[in-house]
Amino acid sequence: MAEADNDDLISLLEEEEKDIDLPNLLPLLAVRDVVVFPDMLLPLFVGRSISIRAVDEAVAKDGFILLVTQKKQHLKEGPQPDDLYTIGTIARILRILKLPDGRIKALIQGIAKAKIIKYVRKRSFYRVKSEVIFEKPVKNITIPIEALMRSVRKHSEKIIELKDEFSGDISSILESIESPGKLADLVASNLKLKIEESQSLLELVDPVKRLKKINKFLSRELELSSMQAKIQSDVRVEISKNQRDYFLREQVRAINKELGDSDDKSKEITEYKTKIKKAKMPSEAGKAAKKELKRLSLMHPDSAESSVIRTYLDWLVELPWSKSTKDNLDIKKAKEELNAAHHGLKKIKNRILENISVKKLNPQSKGQILCFAGPPGVGKTSLGQAISKAMGRKFIRISLGGIRDEAEIRGHRRTYIGALPGRILQGLKQCNTNNPVFMLDEIDKIGADFRGDPSSALLEALDPEQNSEFSDHYLNITFDLSKVMFILTANITDTIPSALFDRMEVINLTGYTEEEKQIIAEKFLIPRQITENGLTPKTLSISNGALLKIIQEYTMEAGLRNLEREIKKICRKIARKIAEGEKKLFQITQNNLHQYLGLHKYYPEMDKEESQVGLATGLAWTQVGGEVLYVESSLISGKGDLIITGQLGDVMQESARAAVSYTKANLQSLDIEKDFFENLDIHIHVPAGAIPKDGPSAGIVMAASLISSATGKPLNKDIAMTGEITLRGRVLPIGGLKEKALGALRAGINTIIIPEKNKKDIAELPANVKRKIKFISVKNMDEALSIVLEKEKNETKKTSNNK
Ligand code: ADP
């Protein structure tokens, strides 16, 4: 059946309005999810065979059919009379369309309400007898009814508006309906009510009552709709907020990019993250690093603060928190290594091997802080290097000379501009392992002042009892130093801060004799310099005589530094000659040495003074080893004052006073007049005033000098003295005998007066020192004077101004 256009339909409906002659029996069509109201025009899809047959029957006649709603939506079989409401709507089928799936689409129009009176079963579908329910028309539209109608219209418009379902001029359609019943039906048919609710409206015959009920449903619906609308708008707000955030974030990214805050930064942050992971820090450090990284990520990359954080992070990630080398604890190999690098030094090598053995048996052993003490150039540094090589550890060396600030050891707090960790951590970062052999040079030259005491910070770093939690001010977190093997070096031990001195084991390295120097030069220094300068033994040889001459006339030292330097100088000169084309074996002898090294610098006898009144020869133990030291005294008219000059330390000044008191107390036995000193000032001077001198061992020298001045008897210049003096004239023992003896030999002195109690030390001296030097031991000053003071007064040699 072809579909008619809208105009045809409307004219058809208008026709029906007039007067309809309804048949007595009507086919029944049970509808499921809708309640059809009179005047309602709607398409129905008919699928159940029982319904299709009913439709066919209706269409075959005049198209009338009774539509009744099922009480339950889903019935398994065809509905029984009990399953259906009894009031329905008589409708007319305007059009039908058979669909390809067998269903029928029927356009129907409701005509009038009707009540089923009787079911007449006819074969496969129901026919019913029904009764049309007539509605009383409302003749008088009173104010309350009008108000009700307006309210219904208003509510309907609002709902439609809220639901945004219809377009077009809804309000004019609603306005055009004047009958309350029709208005109620129109609204009811369009409201999406529950089936029961719709049915109850249909069954309500009184139009005003129906309108009231509709109004109630409408207000409820309105509430629901506005609630729904609100929920929807909330959802919309939520969505738009997310969109807004996204948009803002994009903008921030764009701004950051403009500011240079771009991908580079996130790349940097990720790089730090991997570095932090790789560094395998302890948890405390890891936490600190992550905290700082977070701060960095929030900062502008060019800000001053972020560069401070970056430096800090670099330090954190580059410190060897868990990097260590594997120890080689093979004693035999270690011994070979030590012997290969150093001649002699048996005691020291044994001590080091003992250390390694303990480490082998008990890897957890804390060990001791070793301190190598001795003059420059005796092999302290190279021993440290040899130890590190023997143990397979890395070697790092820093100098502490002149440090007065605690921050040098422990770092500055980060609040300081340009703050850095202290030297200990700097050293560890440099060698990149946490168990190196760490040499701290010149421990005897650190001092303390208002900036704090570096030695106490140093103690924290070195002391095996507490250094597993060394805290550096810059890092502000602890670092475990317990695996580090610390070795300190010092020239003299007197000035090492006592707190440190108590905790370390001092290993003394003394100066070398000429013979030892010769051997070391031949075996180690010359071969090393030859290879370092690109030469071979076939191009250079240095004769024994030349070597001795270098030692005696070109150097004047306890160690080997200058000797090595002079050898290097020769090698350099020869390297140049070879580079310039000369090809031969260069032989260095005593006679041609000056061509390479220039004129000699020292003469064994050069520094020696003549025997004079008031001039005494002493021996001192200084930072550079043993040295000959001269004491002068002079008597000038005055009031008996004592003048001491020559940069003497407190202890040395005291021993000068003791010497004076001894002299004054023994005038008679010394053969000096009683009132001799009454109108005289005594001036004691120790030349080479720029070098600070200290210690008590020059006591007898000063006394001898003064007594010589007072008696006018000169002193033997070839005899050097050393010893502390008491007020009673006793001579007390001194330290550093070997250094002093070596110093005397270097200055060409062969007789030394020593305190009686030092006699035992002679046994420990190298054989050739014992052979070359005559040691005379004395118990008291008288004995010393009897040896050193010449018998005859010698007026011409007198340097003093006594009257
Ligand atoms: P220090 O640190 O005590 O001032 P160094 O370790 O710098 O002395 O030594 C100076 C030079 O002398 C180095 O080249 C070192 O190898 C060498 N040297 C010192 N003592 C010996 C020794 N016993 N055997 C071989 N070479 C030595």
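1. Basis. This is a predicted model, with residues numbered from 1 along each chain as its sequence is written. Local features need pLDDT of at least 70, side-chain atom pairs count only at pLDDT 80 or more, totals for chains, interfaces and linings use all residues, and side-chain values use heavy atoms, with hydrogens and water left out.

2. Salt bridges. The count comes to 35 salt bridges. The rule asks for a side-chain nitrogen of Lys or Arg within 4 Å of a carboxyl oxygen of Asp or Glu. Side chains of opposite charge can pair when their charged atoms come close.

3. Asp 234 and Lys 230 form a salt bridge at 3.2 Å, N to O. Both lie in helix H7, 4 residues apart, about one turn of the helix. Helices here are DSSP runs of H or I with at least four residues, strands are E runs of at least two, and both are numbered from the N terminus. Asp 234 is partly exposed at 38% relative accessible area, and Lys 230 is partly exposed at 49%. Buried means under 20%, exposed over 50%, and partly exposed in between (1.4 Å probe, protein chains only).

4. Pairs between helices. Lys 429 and Glu 318 form a salt bridge, with the closest N and O atoms 3.3 Å apart. Lys 429 sits in helix H15 (residues 423-431) and Glu 318 in helix H10 (residues 304-318), so this pair ties together parts that are 111 residues apart in sequence. Lys 429 is partly exposed at 25%, as is Glu 318 at 36%. Glu 337 and Lys 389 also meet in a salt bridge (3.6 Å, N to O). Glu 337 belongs to helix H11 (residues 331-341) and Lys 389 to helix H13 (residues 380-391), so the link joins parts 52 residues apart in sequence. Glu 337 is partly exposed at 23%, whereas Lys 389 is exposed at 57%. Elsewhere, salt bridges that share partners join Lys 113, Glu 135, Asp 185 and Arg 210 into one network.

5. Charged patches. Arg 561, Arg 565, Lys 568, Arg 572 and Lys 573 gather in a positive surface patch. Patch members have over 30% relative accessible area and no salt bridge, and like charges are joined within 9 Å. Lys 568 lies in helix H20 (residues 561-579) and is partly exposed at 35%. Asp 494, Asp 650, Glu 654 and Asp 694 form a negative surface patch. Of these, Glu 654 is in helix H22 (residues 650-665).

6. Burial. Helix H16 (residues 454-462) is largely enclosed by the rest of the structure, because 7 of its 9 residues are buried. Among them are Leu 458, Leu 459 and Leu 462.

7. Cysteines. The count of disulfides is 0, where a disulfide is a pair of cysteine sulfur atoms within 2.5 Å. Cys 431 is buried at 6%, and Cys 571 is buried at 0%.

8. Positive phi. Lys 280 is not a glycine, yet its phi is near 45°. This residue sits in the loop between helix H8 (263-279) and helix H9 (283-297) and is exposed at 60%. Asn 476 has a positive phi of about 65°. Asn 476 lies in the loop between strand S10 (470-471) and strand S11 (478-479) and is exposed at 55%.

Definitions and conventions
Patch = residues over 30% accessible without salt bridge, like charges linked within 9 Å, V, L, I, M, F, W, Y side chains within 5 Å. Areas by Shrake-Rupley, 256 points an atom, 1.4 Å probe, with all protein chains shown as cover. Lys, Arg positive; Asp, Glu negative; His and termini not counted. Charge placed at Lys NZ, Arg CZ, Asp CG, Glu CD.
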